[in-house]
Structure formats: structure tokens, C-alpha cells
Amino acid sequence: AFNREVSDRWLPVDQYIGGIEHAILHLLYSRFFTKVLNDAGLTSAVEPFTRLLAQGMVNKDGAKMSKSRGNVVSPDEIIEKYGADTGRLFILFAAPPEKGLDWSDRGVEGCYRFLKRVYRLVDRYAAKVRGVNGETPAHLPAAEQSLRRAVHAALKKVTGDIEERFNFNTAISAIMEAVNAAYTYANEKGDGVDPVVMAEALSLLALMLAPFAPHLSEELWQKLGHAGSVHLQAWPAYDPAVLQVAEVEIVVQVNGKVRGRLNVPAGLGEEEMKQLAVTDERIARLVAGRQVLKAVTVPDKLVNLVVR
């Protein structure tokens with residue numbers, strides 16, 4: 001019925017995606033057929049799929065969205081009012097793919113505002129950065145370093161969330177944080193932005209946004225002066241060196257309650273973080289005369305002193 005050599009090259013399928021309603025007609029039967037074919041010596045595959053992602057349902061007004069219930073939202077209405085990218089972005093952002101999605105008109109409007117915000121940022125600086133391809137200087141002012149760090153941190157997060165975890169909602173959230181960082185930088189610098197740094201930031205934002213808002217990303221890519229389609233570009237790699245910081249802010253808790261924040265050298269060990277916390281003037285007053293039973297630490301983030 002088929003060429004076994006070709007079958008063995010394609011099977012098993014890397015990723016199966018289907019909802020719970022497909023568990024019998026699609027998933028169970030395909031497994032059954034594959035095992036029968038394997039027993040007959042027609043294919044080497046024992047299982048048809050390597051990984052399974054069971055996607056959640058879309059709910060509206062507390063019930064599963066379906067035509068029989070009459071509670072569906074027409075995609076044509078969303079596309080006409082907000083554009084296809086907005087509908088796509090909301091569906092991916094509203095919930096993890098394995099969870100149920102509660103439809104929200106306000107959520108759709110929020111995604112529409114975000115995409116307009118990205119467009120305004122690119123439109124403001126497109127002429128200034130178009131054609132700028134120089135290498136980023138090794139030594140940059142603090143504001144430029146902060147922007148690069150935020151964008152590369154988002155790129156690292158988006159890459160892992162897409163390729164490893166299918167967490168599209170957190171990937172989009174990371175892009176939103178990077179856009180906020182770009183606006184902070186733009187508001188601080190105005191027309192005095194570093195064109196090389198801003199060109200890199202905007203180009204990476206367009207590339208990261210491409211899987212989620214393909215039409216807008218294509219327009220942004222062209223607006224920035226790049227040749228070819230954004231969807232034919234290689235996925236960018238983040239620079240680990242950009243993510244390194246000399247100093248970080250950690251939260252200090254006493255018995256689980258936030259009592260202060262400290263700027264400390266990055267990469268400190270547990271004991272060093274504890275000592276800096278207990279010797280801080282404000283924290284020292286809070287724990288004076290009390291016994292520190294232990295210190296629970298999260299590297300570069302938090303110290304929780306458990307005292308009595």
C-alpha cells in the first residue's frame with residue numbers, strides 16, 4: 001500500500017496536537033493501525049507519534065464554544081474590526097495551549113492596542129534605523145545596555161517557550177516586556193537613540209513577533225528596510241554575554257514578608273547572600289535579638305530569613 005522506506009523516513013511523527021475530543025477517533029485509532037502495520041512488517045514504527053499536546057477548549061460565557069450552543073464568535077467580525085493578527089495573538093496569549101481558553105472581548109481589544117503600540121514604535125524610528133547594520137559597540141551607556149539585555153532576555157524566553165514548551169502565552173508576554181523596555185528607552189532618549197542598538201532591538205522584535213502576528217511583522221520588517229520576507233529569515237540567536245550583569249537587585253524577606261531590597265553583585269552564593277542580608281542596617285534591626293534558623297535563597301533574586 002505504501003513504500004516502507006518512505007514511511008520509515010516520516011514516522012513516527014514528531015508532534016501530535018489534538019483536543020480531548022480527538023482522543024478516540026484520531027489518537028487511539030492511529031495507534032491501533034500503526035501497531036497492526038508494524039506487526040505485519042509493513043513499517044518500523046511502533047507508535048505513530050513521539051509527543052502529544054492535548055489542547056484545551058475555547059469557552060464563552062461559562063460554556064464550551066460550539067455552533068450547536070449558538071455561542072460562537074465569528075472570525076470574520078474579529079478580522080474586520082481588529083485584523084487577523086489580533087485574533088490570532090489573543091487566542092495564543094489568553095491561556096496555555098493545554099488549558100481552556102475563556103473568550104474575552106476586552107482581551108481582544110488589549111491585544112489590538114499592543115500591536116498598534118508596536119507599530120507606532122517602529123514607525124517612529126524606521127527612518128532613523130533603516131539600513132543600519134553596524135556592529136554593536138562593546139561598551140555602551142547604561143540605557144543602551146538595559147535595552148539590549150531586555151530584548152535578548154525576551155529572545156531567550158521566546159525561543160525556549162516555542163521550541164521546547166509550546167508556552168505561546170508566556171512567549172508573547174516576554175515580547176510585551178521587551179516592547180515596554182524599548183518604550184522606556186525611547187522616552188528617555190527621544191530622537192537621540194543609538195541607531196545601531198535601536199535597529200537591533202526593532203528587528204529582533206519583528207522576528208519574535210512573526211510567529212504570532214505574521215501580517216504586521218511582515219510590514220514592520222519591510223518598514224525597517226530589510227530585504228526578503230520576515231518569514232524566510234533564520235531564527236535569531238540571543239547573545240549570552242548581553243544577559244550578564246554585574247549587579248542585581250534581590251528581595252529580602254523575614255519570615256516570608258518583604259522587608260527590603262538590596263543591590264548585590266550577581267552570582268553570589270547562598271552564604272554570601274545571607275550575610276549581606278543580615279548585615280543590612282534595616283534588616284539587622286528587624287532580626288536583632290532573634291535567632292536566624294535558616295536562610296532560603298533564590299540565586300540573584302531573593303533571601304528569606306526564617307527567624308524566631
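Six aromatic pairs turn up in this predicted model, where rings of Phe, Tyr and Trp (its six-membered ring) pair if their centres lie within 6.5 Å. Planes under 30 degrees apart count as stacked, over 60 as edge-to-face and the rest as tilted. Local features here need pLDDT of at least 70 in this predicted model, side-chain atom pairs count only at pLDDT 80 or more, and totals for chains, interfaces and linings use all residues. Residues are numbered from 1 along each chain as its sequence is written, and side-chain values use heavy atoms, with hydrogens and water left out.

**Aromatic rings**

- A pair of rings is described by the distance of the centres and the angle of the planes.
- Y16 and F49 make a tilted pair, with 4.5 Å centre to centre and 45° between the planes.
- That pair ties together distant parts of the chain, since Y16 belongs to strand 1 (residues 13-19) and F49 to strand 2 (residues 49-55), 33 residues apart. Helices (H or I, at least four residues) and strands (E, at least two) are DSSP runs, numbered from the N terminus.
- Y16 is buried, at a relative accessible area of 12%, while F49 counts as partly exposed at 22%. For these words, buried means under 20% relative accessible area, exposed over 50%, and partly exposed in between (1.4 Å probe, protein chains only).
- F90 and W103 form an edge-to-face pair, because their ring centres are 5.0 Å apart and their planes sit at 80°.
- This pair also links distant parts of the chain: F90 is in helix 4 (residues 84-93), and W103 is in the loop between strand 5 (101-102) and helix 5 (105-129), 13 residues apart. Both F90 and W103 are buried.
- F166, F168 and F212 are joined into a cluster by ring pairs.
- R117 has its charged end over the ring of Y183, 4.1 Å from the ring centre. The rule for that is NZ of Lys or CZ of Arg within 6 Å of the ring centre and within 35 degrees of the ring normal.

**Helix packing**

- Helix 6 (residues 142-165) and helix 7 (residues 168-189) pack at about 170°, with axes 8 Å apart. Axes are lines fitted to C-alpha atoms, for helices over the stretch in contact, and angles run from 0 to 180 degrees between N-to-C directions.
- That angle makes helix 6 roughly antiparallel to helix 7. Angles under 35 degrees count as roughly parallel, over 145 as roughly antiparallel, 65 to 115 as roughly perpendicular and the rest as oblique.
- On the helix 6 side, the residues that meet helix 7 include L147, V151, V158 and I162, and their partners in helix 7 include A171, I175, A178 and Y185. Contact means heavy atoms within 4.5 Å.
- By class, this contact has 15 nonpolar, one polar and five charged residues. Ala, Val, Leu, Ile, Met, Phe, Trp, Tyr, Cys and Pro count as nonpolar, Asp, Glu, Lys and Arg as charged, and the others, Gly among them, as polar.
- Helix 4 and helix 7 cross at roughly 115°, and their axes come within 7 Å. That makes helix 4 roughly perpendicular to helix 7.
- L89, L92 and F93 in helix 4 meet F168, N169, I172, S173 and M176 in helix 7. This contact has six nonpolar, two polar and no charged residues.

- Most residues other than glycine have a negative phi, and most peptide bonds are trans.
- The peptide bond from L11 to P12 is cis, with omega near -5°, and P12 is found in the loop between helix 1 (4-10) and strand 1.
- F166 isn't a glycine, yet its phi is positive at about 60°. F166 lies in the loop between helix 6 and helix 7, and F166 is buried, with a relative accessible area of 16%.
- N255 has a positive phi as well, near 55°. N255 is in the loop between strand 6 and strand 7 (257-265), and is partly exposed at 39% relative accessible area.

- R148, in helix 6, counts as buried at 14% relative accessibility. Leaving aside neighbours within four places in sequence, R148 is in contact with T136, L140, V197, E200 and V242.
- E247 is in strand 6 (residues 247-254) and is exposed, with a relative accessible area of 51%.
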